[in-house]
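My notes follow in the order in which I checked things.

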Amino acid sequence: MYKIRIRFTKKEWMIFISHLDLLRLIERALRRAKVSLSFSQGFNPHPKISFATALALGVSSDGEYMDIEVEEEIDLQWLKKTMNEELPEGIEVLGCKYIPIKSKALMAFVEYSTYRVRCPLIQKIEEDDIKKRIENFMNEEEIWIEKIINKKGRKQNKSVNIRPLIEKIELANYEEDNCVLKMMLKTGSQGNIKPDIVIEKLGDISIDLTKIRIHRLELYGLEDERVVTPLDVTV
Amino acid sequence: MNRPKLEELLLQVEKPARYIGQEINSANKSLEDVSIRFGFSFPDVYEVGMSHLGMHILYNLKNKQKDIFCERIFAPWMDLENLLRKENIPLFTLESHSPIKDLDMIAFTLQYELSYSNILNILDLGQIPIKSEDRQKDYPFIMAGGPCAYNPEPLAEIIDFFVLGEGEEVNLEILEKYKEWKKRNTSKEEFLEQISQIKGVYVPKFYDVNYHEDGTIEKFIPKDERYPKKITKRIIKNLDDVYYPEEVIVPFTDIVHNRAMVEIFRGCTRGCRFCQAGMIYRPVRERSLDKVKTLATNLLDNTGYEELSLSSLSTSDYSQIEPLIEHLMNENEKDKVGLSLPSLRLDKFPLEVIEQIQKVRKTGLTFAPEAGTQRLRDVINKGITEKDLIDAMKDAFSLGWNSIKLYFMIGLPTETYEDLDGIVDLAYKVINLYYDTPKEKRGKGLKVTISTSSFVPKACTPFQWHGQDSIETLKEKQYYLKEKLRHKNIKYNYHETKTSFLEGVFARGDRKVGKVLMKAWESGCKFDGWGDYFDYEKWMQAFEDCNIDPHFYANRQRNYEEVFPWDFIDIGVSKEYLKKENEKSKKGILTPDCRKGCSACGINEGSLGGVCNV
């Protein structure tokens with residue numbers, strides 16, 4: 001058995017398909033490509049395909065990852081080419097490599113996402129004012145939000161401090177009627193925050209919250225305290 | 001619609017994947033390169049429409065033609081509808097996202113009566129007038145086909161023309177005529193004149209209907225002698241020669257039947273008297289074993305589906321079913337492709353084979369005795385005996401199954417409370433059978449699901465004369481069963497009687513009920529088949545406003561002299577035969593399966609002649 005890690009995009013029309021749809025789509029593309037997938041044992045065998053993290057509907061990405069397990073060793077160039085022939089426009093394999101079968105699961109490895117968020121502005125605001133606002137925001141020690149959590153089937157309100165989940169925010173581009181923010185946020189089981197919540201909390205800079213467009217740039221995890229992508233990790 | 005606008009809308013709605021198109025194997029043609037732009041519409045949501053095999057056949061058939069571009073149209077869910085209406089954006093096709101009013105022709109498939117209001121809504125959302133007479137030359141032609149087209153009259157004012165029977169040949173013949181007409185650039189009327197001469201095509205506006213004072217039909221008359229008096233349904237003679245799609249669309253989103261489908265035969269030889277499909281899809285024609293095998297392989301190769309289903313009206317009646325299953329099991333074992341066999345008659349089918357298919361996961365077995373007593377099963381000609389059922393279930397329990405579903409109909413002709421008691425008896429017999437099975441053999445925890453649907457008499461069946469049970473009668477029967485089926489192992493399901501009643505009205509309605517349809521839609525009725533959205537009060541108000549009595553259509557017992565709205569349609573099975581079957585039913589006389597002897601239904605005579613291959 002062999003394990004292959006794959007980086008791919010989810011863009012264009014494909015931002016409208018759900019995480020479950022994506023799973024089905026990948027499995028079917030691999031079946032059409034005649035890749036000899038490994039299956040789970042048991043009543044209802046499933047191909048061994050696992051993803052790093054689910055992307056929200058409407059969000060595009062250049063940094064999606066999955067691990068697949070196959071029965072036979074295959075040429076990675078062939079895999080990339082064939083998958084791209086079988087995948088719909090918007091989902092594209094960017095790179096892949098063999099990883100040890102016992103590698104840490106993607107889901108456990110990933111800790112950060114970087115995003116580019118295009119924010120249409122409702123009214124004119126100076127570039128410096130936005131920068132100032134971001135600076136003040138990042139200087140806060142605590143930023144609290146109310147979250148509805150599901151506890152044993154009962155919905156409860158819970159206050160969460162999101163400041164530790166925000167690594168970096170910067171103004172990447174500024175135009176009169178819209179600005180682009182780049183941010184690095186915690187992602188995964190050890191803490192997770194979505195960019196739209198951060199933007200909403202940032203407030204006061206007249207962003208049209210209904211029209212922001214989020215794009216994920218990359219996923220990262222830690223290796224020896226270094227921030228590395230899932231394809232760069234050595235083990 | 002331009003892309004940014006559509007994206008903006010889709011970011012605001014539930015399950016946007018159903019509106020984007022772009023799926024693997026969907027068609028993509030340049031609008032400049034085609035001479036006909038066609039729209040295929042299933043008047044329900046994407047998830048339902050995309051599960052329909054007929055759509056895939058006709059969609060791919062048309063797109064195989066170089067100069068035809070067939071696109072799909074479904075009913076948008078309310079959230080998108082509200083946005084479209086608010087912003088005055090016309091409904092768009094899935095493929096090119098262009099307004100449906102830009103198409104040359106739109107075809108609706110009529111699979112159930114309760115989808116009719118959605119047809120009106122789709123046209124209106126497309127900014128197309130709903131009445132045929134209001135659509136001038138710049139609007140597309142609107143056609144319809146499918147099983148409900150066997151009584152087309154309720155839609156006579158809406159649809160420009162209907163196509164009766166199987167569509168593979170006649171669709172292309174119509175489009176050929178369309179191409180010529182487009183060049184000639186004459187009136188819409190002239191095109192309809194042309195196609196009225198094609199076998200299987202019915203143009204309602206070329207016919208008049210005269211009524212008696214009591215509301216029944218006196219005469220159905222062509223307005224001119226050049227229009228055919230009888231419209232004969234179309235059939236495909238040889239299924240091995242006819243086109244079958246091997247590159248079907250693979251949806252992104254989960255749909256009702258998310259799997260590859262191979263049709264193994266058309267028609268059914270059982271002759272159940274309540275069943276419209278069993279009459280209108282005659283004669284039985286099988287696809288050869290080799291052809292089915294090839295199709296299955298190619299479909300799986302081209303789609304990557306993880307499940308394959310065999311499609312027909314009665315899977316176990318396929319003459320080569322066992323070798324076929326063996327082949328498919330062996331072939332797909334390695335790739336873990338599941339096999340699903342809907343419409344299997346389990347009473348005569350080896351359970352060991354099913355066990356093979358379901359492997360360790362025993363998902364439950366479904367039986368359809370349809371009626372509770374042998375007497376009533378004989379009335380409906382459901383050739384199934386209690387012994388068959390009991391034997392099959394005994395086997396099932398000792399092989400470890402513990403979940404059994406039994407389907408029945410209530411409101412069948414001649415039904416009494418004794419027949420309902422028969423349902424109850426059967427349910428308890430099943431429970432006893434389970435507990436009689438040695439503990440070490442049977443699965444843990446018995447679940448018996450009893451479902452009753454309410455019988456709706458349909459056009460072109462031996463029960464087309466029968467008055468449907470009233471809502472009150474059906475409710476009493478359901479209540480009776482509910483009380484008697486209280487048991488920890490039994491779950492009793494039943495259908496909403498009000499929707500069955502409305503279905504009954506349209507199944508045997510005439511042109512007059514079309515007015516009610518328009519009225520009901522105007523007052524907001526749509527998605528009537530979706531329990532939560534069905535508004536009975538609005539429908540009843542519409543009947544009252546139009547001064548039309550729905551009971552006249554649903555509940556009235558007809559006599560043999562009556563002229564039915566659909567009598568001008570020749571399904572190959574004669575009205576005489578249907579009468580004979582109805583008479584036999586009253587005496588509980590069985591008619592044998594066609595494979596065991598011909599009962600002269602008429603399909604082998606007349607214009608369809610000599611095509612039974614049983």
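I began with the largest nonpolar core, which has 155 residues. By a nonpolar core I mean a set of buried Ala, Val, Leu, Ile, Met, Phe, Trp, Tyr and Cys residues joined through C-beta atoms within 7 Å. I call a residue buried if 20 or more other C-beta atoms lie within 10 Å of its own, exposed at 12 or fewer, and partly exposed in between, with C-beta atoms placed from the backbone. M143(B), A144(B), Y150(B), F162(B) and V262(B) touch the most other members of this core. Helix α14 of chain B (residues 417-436) supplies the largest share, 7 residues. I found another core apart from it, of 52 residues, including I68(A), Y115(A), I193(A) and Y220(A).

The model is predicted: local features need pLDDT of at least 70 and side-chain atom pairs pLDDT 80 or more, while totals for chains, interfaces and linings use all residues. Residues are numbered from 1 along each chain as its sequence is written, and chains are lettered from A and ligands numbered from 1 in the order in which they are written.

I then looked up the contacts of A144(B), counting two residues as in contact if their C-beta atoms, placed from the backbone, lie within 7 Å. Leaving aside neighbours within four places in sequence, A144(B) contacts A107(B), F108(B), L110(B), A149(B), L155(B), I159(B) and F162(B).

For chain B I noted 20 helices and 19 strands, taken as DSSP runs numbered from the N terminus (helices H or I, at least four residues; strands E, at least two). Of its 614 residues, 46% are buried. The C-alpha atoms of chain B fill a box of roughly 75 × 65 × 50 Å along the principal axes.

Chain A has 5 helices and 11 strands, and 28% of its 235 residues count as buried. Its C-alpha trace spans about 55 × 40 × 35 Å along the principal axes. An automatic or database assignment sets the domain bounds; for chain A it gives domain 1 (2-103) and domain 2 (110-228). Their centres, taken over C-alpha atoms, are 28 Å apart. I found 10 residues of domain 1 in contact with 10 residues of domain 2.

Last, I checked the chains against each other: 18 residues of chain A contact 18 residues of chain B. The chain A side has 9 nonpolar, 3 polar and 6 charged residues. Here Ala, Val, Leu, Ile, Met, Phe, Trp, Tyr, Cys and Pro count as nonpolar, Asp, Glu, Lys and Arg as charged, and the others, Gly among them, as polar.
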